[in-house]
Amino acid sequence: MSAETASIETSAPTQGQRLKAIIGGSTGNLVEWYDWYAYAAFTLYFAPHFFPSEDRTAQLLSAAGIFAVGFLMRPIGAWLMGVYADRHGRKSGLTLSVALMCAGSLLIAVTPGYETIGVAAPLMLVLARLMQGLSIGGEYGASATYLSEMAGKNRRGFFSSFQYVTLIAGQLVAICVLLLLQATLTEAQLDAWGWRIPFFIGGLLAVIVFWLRRGLAETQSFAVAKAAGAPRSGFVELITNHPRETLTVMLLTAGGTIAFYAYSIYMQKFLVNTSGLSRQVASQINAATLFAFMLLQPVAGALSDRIGRKPLMIGFGVMGMLCTYPIFATLAVTKDPLVAGLLVMAGLVIVTGYTSINAVVKAELFPAHIRALGVALPYALANTLFGGTAEFVALWFKQAGMEQAFYIYVTVMIAISLSVYVKMRDTAKHSQIRED
């Protein structure tokens, strides 16, 4: 046994440390995504305070533009924060990430409106959203890496699946806070000051997570890589010495992220604009199916620990290719909410083969010294190019009278990812994460 292996074994985290790590990593992810989605959930209420136009559509477009700026910051955040987590530790990356999100949320909560400070108000909103974009871009790589490295060899799939559990939970919590405030405050109160409450909540929760993450243990992988004098993480190092893995992450993400956005984020609009269901029914279907989808993630993650990652990814790819067009085509003509809900759920069950394990698969592709950056940057680029544009592409096809072309587009992107799944080795059996 080598000295390095002996050192790893003697410093292996206890079950208590592993559990604390999973809680710290996953709850922080929930808070980050809650803060991210709270902006979209409360746009109708805060937009008039930051933009002086009398036209509500113009106000919403301005707020949406700032939302897009935050989205475009995600690859930059993935790059900067990924390098930071590789050089200074996963714990440091997670702590910095949640600190940025906390600052962004609190800044939105306390910034006076346009009538009080003029153009400084929308500029402060832009600054807040830039910080949140950097934060959410870095959170994925840092948390995926941390959860995968701390989980232990036999439970990596299960524990890393909580990244998507908390991502979806953050979205659902933001919706629930909106519904609760709508039920307890008048419209006038929400318009005047109630919209600030969710941002205060997000900021305070982030403070708690910041404190929790400061007490987390560092991972063995980072400690060993640092002690061994591994090369410094950076963009040049990534594309020069790990181009194959980087391209693999982008391609395996492309089909999965567009399918996720199609069945979750875009689906609510599709059920209203195409299926003809009411907004209330569409929202109920969206919330119910997302909740069930959230519960499926650890089940599929645990299954990958038993049978490997590759069968789940290939299952998603094959079923996605075969079923995407029929599901969307049937949804387009159904008027029965129950049938619509079952069809949406079928799509999300298929997508689970990707979402539940995508984080650990990416982490297992890279050596420790470049892992956070390798996970975060190519994912963020693919997510921005394909996931972030999914709704726009879908609506563009619909406006052009070719809505079925979107079903084909999603199918083709899944097929491209499937070709990668078939050719790549099963990362559960050939993992670059060395510790047990």
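Q: How many aromatic pairs does a search of the whole structure find?

A: The model is predicted, so local features need pLDDT of at least 70 and side-chain atom pairs count only at pLDDT 80 or more, while totals for chains, interfaces and linings use all residues. Residues are numbered from 1 along each chain as its sequence is written, and side-chain values use heavy atoms, with hydrogens and water left out. Rings of Phe, Tyr and Trp (its six-membered ring) pair if their centres lie within 6.5 Å; planes under 30 degrees apart are stacked, over 60 edge-to-face, and the rest tilted. The search finds 27 such pairs. In one of them, the ring centres of tryptophan 195 and phenylalanine 199 are 6.4 Å apart and the planes stand at 75°, so the pair is edge-to-face. Both tryptophan 195 and phenylalanine 199 are buried (under 20% relative accessible area; exposed is over 50% and partly exposed lies in between, with a 1.4 Å probe and protein chains only).

Q: Which parts of the chain does the pair of phenylalanine 328 and phenylalanine 406 link?

A: Phenylalanine 328 and phenylalanine 406 form an edge-to-face pair, 6.1 Å centre to centre with 90° between the planes. This pair links distant parts of the chain, since phenylalanine 328 is in helix 17 (residues 309-333) and phenylalanine 406 in helix 22 (residues 404-423), 78 residues apart. Helices (H or I, at least four residues) are DSSP runs numbered from the N terminus. Phenylalanine 328 counts as buried at 0% relative accessibility, and phenylalanine 406 likewise at 1%. Ring pairs also join Phe328 and Phe406 into a cluster with Tyr263, Tyr266, Phe270, Tyr325, Tyr407 and Tyr409.

Q: Which residues have the most contacts inside the largest nonpolar core?

A: In soluble globular proteins, nonpolar side chains tend to be buried together. A nonpolar core is a set of buried Ala, Val, Leu, Ile, Met, Phe, Trp, Tyr and Cys residues joined through side-chain atoms within 4.5 Å. Here the largest core has 104 residues, and Leu331 and Phe406 have the most contacts inside it. Helix 9 (residues 162-184) supplies the largest share of this core, ten residues. Apart from this core lies another, of eight residues, among them Ala21, Ala85, Tyr146 and Met150. Leucine 331 itself is in contact (heavy atoms within 4.5 Å) with Met267, Phe270, Leu271, Ser275, Ala340, Leu343 and Val344, leaving aside residues up to four places away in sequence.

Q: Is glutamine 297 buried or exposed?

A: Glutamine 297 counts as buried, because its relative accessibility is 0%. Glutamine 297 is placed in helix 16 (residues 279-307). Beyond residues up to four places away in sequence, glutamine 297 touches Ser161, Tyr164, Val165, Thr352, Thr355 and Ser356.

Q: Where is the kink in helix 7 centred?

A: The bend at a residue is the angle between axes fitted to the seven residues ending there and the seven starting there. In helix 7, a kink of about 30° is centred on glutamate 139. The expected span of a helix is 1.5 Å times one less than its number of residues. Helix 7 (residues 120-150), with 31 residues, reaches 43 Å from its first C-alpha to its last, close to the 45 Å expected. Because 24 of the 31 residues are buried, helix 7 is largely enclosed by the rest of the structure. Glycine 152, with a positive phi near 95°, follows helix 7.

Technical notes
Helices (H or I, at least four residues) and strands (E, at least two) are DSSP runs, numbered from the N terminus.
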